Amino acid sequence: DLTFAKQLEANKGRCFIGSQKGGSFEVDGAFARKWLRKPSVNGRSNSEVLRPWANGQCVTGRSSDQWIVDFGNDMSENDAAQFDVPFQHVALHVKPDRVALRRDGHRKYWWIHAEARPGMRAAIENLSRYISTPRVAKHRFFVFLDKHTLADSRLCAIANDDDFTFGILSSRMHEAWPLANASMHGVGNDPTYNAK
């Protein structure tokens with residue numbers, strides 16, 4: 001009877017919805033590797049703002065070899081501009097749409113993801129990897145992602161890197177919890193995994 005279930009304090013602040021881009025920040029892997037080989041600008045490498053990216057399709061199927069330009073959640077425009085090629089990409093592909101938006105944060109900080117998820121970033125910062133699962137999936141399963149891989153908003157990021165937690169999440173015992181708390185979504189009426 002899950003009506004009496006309560007959230008465990010130890011799990012509070014562990015599960016997050018991934019970053020929501022709010023524009024075309026993604027970059028094909030071939031371009032990303034070319035940008036990573038470019039000499040650093042002002043002593044800084046493009047690897048600071050260019051990361052592997054994972055969405056639901058990457059986790060449920062085959063990796064799409066997509067990378068993403070990611071200026072974190074609070075980098076200033078001047079600092080972001082120091083990474084000239086990634087910044088130019090975002091200025092060309094994201095800024096035109098974002099500066100027309102009514103929401104102040106999205107318009108003023110057009111180079112930052114719409115929902116950059118600072119809580120998620122802080123929670124996985126000191127981990128070597130984290131656990132992820134698609135937010136909507138017919139079958140619930142979990143994978144480890146390297147801490148440098150940015151989870152898209154179609155994924156939940158769980159700030160744990162240990163095998164024990166992975167085992168619990170993958171167990172039948174845990175399967176009952178997300179199903180009991182799920183809403184149904186999509187054509188297949190698939191259950192969601194709610195970050196509670």
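Predicted model: local features only at pLDDT ≥ 70, side-chain atom pairs only at ≥ 80, totals over all residues.
**Conventions.** I count two strands as paired if DSSP finds at least two bridges between them. Helices (H or I, at least four residues) and strands (E, at least two) are DSSP runs, which I number from the N terminus. Residues are numbered from 1 along each chain as its sequence is written, and side-chain values use heavy atoms, without hydrogens and water.

Entry 1: I looked up Leu50 and found Val69 of S4 opposite to it. Strand S3 (residues 50-54) and strand S4 (residues 66-69) run antiparallel and share 3 bridges. I then traced the open sheet of 4 strands, in which the order is S2-S4-S3-S7 and the pairing is mixed. Strand S2 (26-28) and strand S7 (150-151) are the edge strands, each pairing on one side only. Helix H1 (residues 29-37) packs on this sheet and touches S2, S3 and S4. The direction of H1 makes about 90° with that of S2. For such angles, axes are lines fitted to C-alpha atoms, for helices over the stretch in contact, and the values run from 0 to 180 degrees between N-to-C directions. Contact means heavy atoms within 4.5 Å.

**Entry 2: the antiparallel sheet.** Another open sheet has 4 strands in the order S1-S8-S5-S6, with antiparallel pairing. Strand S1 (15-17) and S6 stand at its edges with a single partner strand each, so one side of each has no neighbour in the sheet. On average, neighbouring strands here are turned by 35° against each other, direction ignored. Helix H8 (residues 163-170) packs on the sheet, touching S5, S6 and S8, and its direction makes about 10° with that of S5.

I next followed S5 to its partners. S5 is joined to strand S6 (residues 143-146) by 4 bridges in the antiparallel sense, and 4 bridges also join S5 to strand S8 (residues 155-158), again antiparallel. Ile131 has Phe144 as its bridge partner in S6 and stands opposite Ile158 in S8. In strand S5 (residues 129-134), 5 of the 6 residues are buried, so the strand is largely enclosed by the rest of the structure. Buried means under 20% relative accessible area, exposed over 50%, and partly exposed in between (1.4 Å probe, protein chains only). I also noted Arg129 over the face of Phe144, at 3.6 Å from the ring centre. The criterion is NZ of Lys or CZ of Arg within 6 Å of the ring centre and within 35 degrees of the ring normal.

**Entry 3: nonpolar cores.** I take a nonpolar core as a set of buried Ala, Val, Leu, Ile, Met, Phe, Trp, Tyr and Cys residues joined through side-chain atoms within 4.5 Å. The largest has 36 residues, of which Val69, Phe71, Val90, Trp111 and Tyr130 touch the most other members. Elements giving two or more residues to this core include H1, helix H2 (56-60), helix H4 (84-93) and helix H7 (118-124). A second, separate core of 7 residues includes Ile131, Phe142, Ile158 and Tyr193.

**Entry 4: Val69 and His89.** Beyond its neighbours within four places in sequence, Val69 contacts residues including Phe25, Val27, Trp35, Leu50 and His89. His89 is found in helix H4 and is buried, with a relative accessible area of 15%. With the same exclusion of neighbours within four places, the contacts of His89 are Ser24, Phe25, Glu26, Val27, Trp35, Val69 and Val94. His89 and Glu26 are 63 residues apart in sequence and 9.5 Å apart in space, C-alpha to C-alpha.

**Entry 5: aromatic rings.** Rings of Phe, Tyr and Trp (its six-membered ring) pair if their centres lie within 6.5 Å; planes under 30 degrees apart count as stacked, over 60 as edge-to-face and the rest as tilted. I find 5 aromatic pairs by this rule. Tyr109 and Trp111 are edge-to-face, at 5.7 Å centre to centre and 70° between the planes. The ring centres of Trp110 and Trp111 are 5.5 Å apart and the planes stand at 85°, so this pair is edge-to-face. Tyr109 is partly exposed, with a relative accessible area of 45%, whereas Trp110 and Trp111 are buried. For Trp111 the relative accessible area is 3%. Ring pairs link Phe71, Phe87, Tyr109, Trp110 and Trp111 into a cluster.
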